Amino acid sequence: MSTARPALDPELRDFLARMPLPTGPGSDTLAGLRRLAVAPVEPLLAHRSVERREFTVPAEDGTGIPLTVLAPADHDREGAAAPCVYWMHGGGMVMGDRFSQLDIPLEWLDEFGLVVATVDYRLAPEHEGQVVAGDCYQGLCWIAENAAELGIDPDRIVVAGASAGGGLAAGVALRARDLGTPAPAGQILVCPMLDHRGTTVSSRQYSGVPGVWTGEMNAFAWRSVLGATPADEVSPYVSPARAEDLAGLPAAYLDSGSAEVFRDECTDYATRLWAAGGDAELHVWAGGCHGFDALHPRAELSVTARRTRTAWLARLLSRI
């Protein structure tokens with residue numbers, strides 16, 4: 001196969017040139033990467049009038065999982081129930097915390113006055129994929145069950161996430177459909193990590209070269225998540241591309257960069273949603289690297305991508 005790759009957007013190319021980019025993590029570097037992946041949430045909240053509430057949600061095995069709920073300070077929990085975005089963070093399911101990439105859904109809190117809930121699911125390799133995915137689903141169930149106390153409309157919960165969080169959001173939507181409750185009103189899958197197999201053209205294009213998220217990094221993350229799970233037994237709630245049937249899922253927004261590992265699995269998932277009669281909107285941003293709008297939110301391409309994503313959410317909220 002040719003080693004040719006789509007060119008990076010010039011603004012992003014110059015930005016990345018100033019960053020040390022690895023080819024991939026390993027067990028010897030994961031601890032350091034985890035420290036870099038965690039950032040305080042206070043700077044994001046400092047200029048916002050936001051009510052922050054902390055909860056502990058019981059996981060399937062009884063372990064307490066932290067979940068943060070952020071609402072506009074003037075949100076009247078006794079009044080009209082607000083829509084909610086349930087956020088799952090990125091980091092390959094091996095790093096990050098519930099505040100990672102939180103600037104993305106906080107823009108929607110600002111724009112629409114909605115509530116943001118974000119879950120601190122347990123990470124691999126300490127916890128296997130079914131645990132990671134199960135924590136995220138239990139968070140959704142808890143939000144729906146406690147919607148009245150939170151001032152949330154249980155019929156207007158949108159699951160969302162970036163990278164690994166996008167894949168987990170897709171898995172949560174699949175599990176909710178299969179179990180019959182609670183049904184998300186939509187799903188926003190930002191550069192989602194959907195397929196453990198790593199066989200797409202884009203996964204090969206971005207292997208063997210340094211990058212924000214490379215084929216080697218992706219393979220390490222999936223090995224950490226799946227452990228000894230046989231390939232034919234991987235749950236679609238963990239690796240959503242394995243789902244045989246994508247019918248009956250909530251409306252979806254998917255996006256990726258053209259210059260990233262997840263481009264093709266994102267495109268394929270959207271195509272399969274359409275084939276199943278689903279409502280999906282797909283954007284592949286020319287020149288975008290993985291997570292470009294989180295890395296460099298002021299870049300022109302990032303501003304456009306965020307504005308387009310927000311416009312889709314506005315249309316969704318207007319009809320649910």
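Hi everyone. A nonpolar core here is a set of buried Ala, Val, Leu, Ile, Met, Phe, Trp, Tyr and Cys residues joined through side-chain atoms within 4.5 Å, where buried means under 20% relative accessible area with a 1.4 Å probe, protein chains only. This is a predicted model, where local features need pLDDT of at least 70, side-chain atom pairs count only at pLDDT 80 or more, and totals for chains, interfaces and linings use all residues. Residues are numbered from 1 along each chain as its sequence is written, and side-chain values use heavy atoms, leaving out hydrogens and water.

Let's start with the largest nonpolar core. It has 69 residues, and Leu67, Tyr86, Met88, Ile143, Leu254 and Tyr269 touch the most other members. Apart from that one lies another core, of 34 residues, including Leu102 and Cys289.

What does Tyr269 touch, not counting residues up to four places away in sequence? Its partners include Ala170, Leu174, Pro240 and Leu254, with contact meaning heavy atoms within 4.5 Å.

Now, two helices, which are DSSP runs of H or I with at least four residues, numbered from the N terminus. Helix 5 (residues 129-145) meets helix 7 (residues 164-179) at an angle of about 65 degrees, and their axes are 9 Å apart. Those axes are lines fitted to C-alpha atoms over the stretch in contact, with angles running from 0 to 180 degrees between N-to-C directions. Among the residues meeting there are Tyr137 from helix 5 and Arg175 from helix 7.

Finally, Val238: buried or exposed? Val238 is buried, at 4% relative accessible area. Leaving aside neighbours within four places in sequence, Val238 is in contact with Gly129, Gln130, Ala133, Trp222, Val225 and Leu226. Thanks, everyone!

Note on methods:
Buried < 20%, exposed > 50% of the residue type's maximum accessible area, 1.4 Å probe, protein only.
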